[in-house]
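Visitor: I am new to this structure. Could you show it to me and take my questions one at a time?

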Amino acid sequence: MTVDVESLRLLVLVRDLGSLGRAAEELGIAQPSASKRMSTLERQLGLVLLERTRRGSELTGSGRVVVGWAQRVLDELEGLRTGAEALRAERDAELRVAASMTLAEHFAPVWVGELRRLRPDVYMGLQVSNSEHVVELVTAGEVDLGFIESPSVPKGLSSREVAADRLVVVVSPQHPWARRRRSLRPAELAATPLVVREPGSGTRETVELALAAAGAGSLQPHVELGSSAAVRSAVIAGTGPAIISELAVATDLADGRLVRVLVDGVDFSRTLRAVWPGGHRLLGPAAELLALTTRDGSARNDP
């Protein structure tokens, strides 16, 4: 089933404007065309979304539920569009930003999109790499602001917490651990060959430090991959267990494509941070972007 994006946009506008006629006018299409689009969408979904009355069209109960999902799809598409624009503008941007993989995949498109809505005049570029390289770019002055997932901030950089994350152990449903009733011991996890991120990744560093703090020994890499998406795909394919951001596998866990395995005695929580050269006060678009990323507007600055 392929759902037309403009049909979803039309449905959202019916909710916002109160009628199919006004929604059609907003999109610049004739009302008969709008009615046809809605009928096609209802047929594709197998649901009645609009109730046709003498006063116009109103959302049904199912329609009110679906319109919420439609809004999320449109928001994600907007994030994709603004993120892609920022990637294309990397070289000549007025505001240069670098982000590690997890932040680039799950946070940066929203932040970039919000800044673009507030400041459409700002030409912004986004470079995506692992946390180690992001730090190098910030230190060398090649970007104005960086976002990293490393457990510590290198000397010479200022930082601010922008989000929190937690790593989880995941396996495919066919893996023996998927049927395990007892939690793993830290030493058992460390002794198992894992699908891991490459050296320099904030996820890799967090895992290594957490296992060391638990007295579990060194990580045993089975396969090293360059992104969370690649790690996720490898685990789904049955390559082996992995320790990965919960953000990256939330949908897979909910849908049963992956199974979470509990581990006792290891803290896999982590802080995601913005970083910039120490002793420098952020100004202009960089300061505005940082303000948008701060969750409650009062996150603590670290020296």
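Visitor: Which residues lie nearest the centre of the largest cavity?

Guide: This is a predicted model. A search of the whole structure finds one cavity of 30 Å³ or more. The largest cavity has a lining of 13 residues. Nearest its centre lie Val-195, Val-196, Arg-197, Thr-203 and Ile-243.

Visitor: How much space lies in the largest cavity?

Guide: Its lining counts nine nonpolar residues, along with two polar and two charged ones. The space inside the largest cavity is about 100 Å³.

Visitor: Which element gives the most to the lining of the largest cavity?

Guide: Four elements each supply at least two residues: strand 7 (194-197), helix 9 (202-213), helix 10 (228-236) and strand 9 (242-245). The top contributor gives four residues. That element is strand 7.

Visitor: Which element supplies the largest share of the lining of the largest pocket?

Guide: At least two lining residues come from each of helix 4 (61-88), helix 5 (101-106), helix 6 (108-118) and strand 4 (124-129). By class, the lining has ten nonpolar, five polar and six charged residues. The largest share is eleven residues, and it comes from helix 4.

Visitor: What is the volume of the second largest pocket, and which residues are closest to its centre?

Guide: The volume of the second largest pocket is about 150 Å³. Its lining is made of 14 residues. The ones closest to the centre are Asp-144, Arg-281, Leu-282, Leu-283 and Ala-286.

Visitor: Which elements give two or more residues to the lining of the second largest pocket?

Guide: The lining of this pocket has eight nonpolar, two polar and four charged residues. The elements that give two or more of them are strand 3 (95-100) and helix 12 (284-293).

Visitor: Let us turn to helix packing. How are helix 2 and helix 3 placed relative to each other?

Guide: Helix 2 covers residues 20-27 and helix 3 covers residues 31-45. Their axes are 9 Å apart, at an angle of about 105 degrees. Angles of 65 to 115 degrees count as roughly perpendicular. Helix 2 and helix 3 are therefore roughly perpendicular.

Visitor: Which residues make the contact of helix 2 with helix 3?

Guide: The contact residues divide into five nonpolar, three polar and one charged. Helix 3 brings Gln-31, Ala-34, Ser-35, Arg-37 and Met-38. Helix 2 brings Leu-20, Gly-21, Ala-24 and Leu-27.

Visitor: Which residues of helix 1 make the contact with helix 3?

Guide: Helix 1 (residues 5-17) packs on helix 3 at about 105 degrees, with axes 10 Å apart. These two helices are therefore roughly perpendicular. Helix 3 contributes Ala-34, Arg-37, Met-38 and Leu-41. Helix 1 contributes Glu-6, Ser-7, Leu-8, Leu-10 and Leu-11.

Visitor: Where in the chain is confidence lowest?

Guide: The mean pLDDT of the chain is 87, and 93% of its residues reach 70 or more. The highest confidence is in strand 10 (residues 259-261), at 96. The lowest, at a mean of 43, is in strand 12 (residues 301-302).

Definitions and conventions:
Residues are numbered from 1 along each chain as its sequence is written. This is a predicted model: local features need pLDDT of at least 70, side-chain atom pairs count only at pLDDT 80 or more; totals for chains, interfaces and linings use all residues. Side-chain values use heavy atoms; hydrogens and water are left out. Axes are lines fitted to C-alpha atoms, for helices over the stretch in contact, and angles run from 0 to 180 degrees between N-to-C directions. Angles under 35 degrees count as roughly parallel, over 145 as roughly antiparallel, 65 to 115 as roughly perpendicular and the rest as oblique. Contact means heavy atoms within 4.5 Å. Ala, Val, Leu, Ile, Met, Phe, Trp, Tyr, Cys and Pro count as nonpolar, Asp, Glu, Lys and Arg as charged, and the others, Gly among them, as polar. On a 1 Å grid over the protein atoms alone, a cavity is a set of points where a 1.4 Å probe fits but cannot get out, and a pocket is an open set with protein on both sides within 12 Å along at least five of seven lines; lining residues have an atom within 4 Å of a point. Grid points are joined across faces, edges and corners, and a volume is the space filled by probe spheres set on the points. pLDDT is the predictor's confidence in each residue, from 0 to 100.
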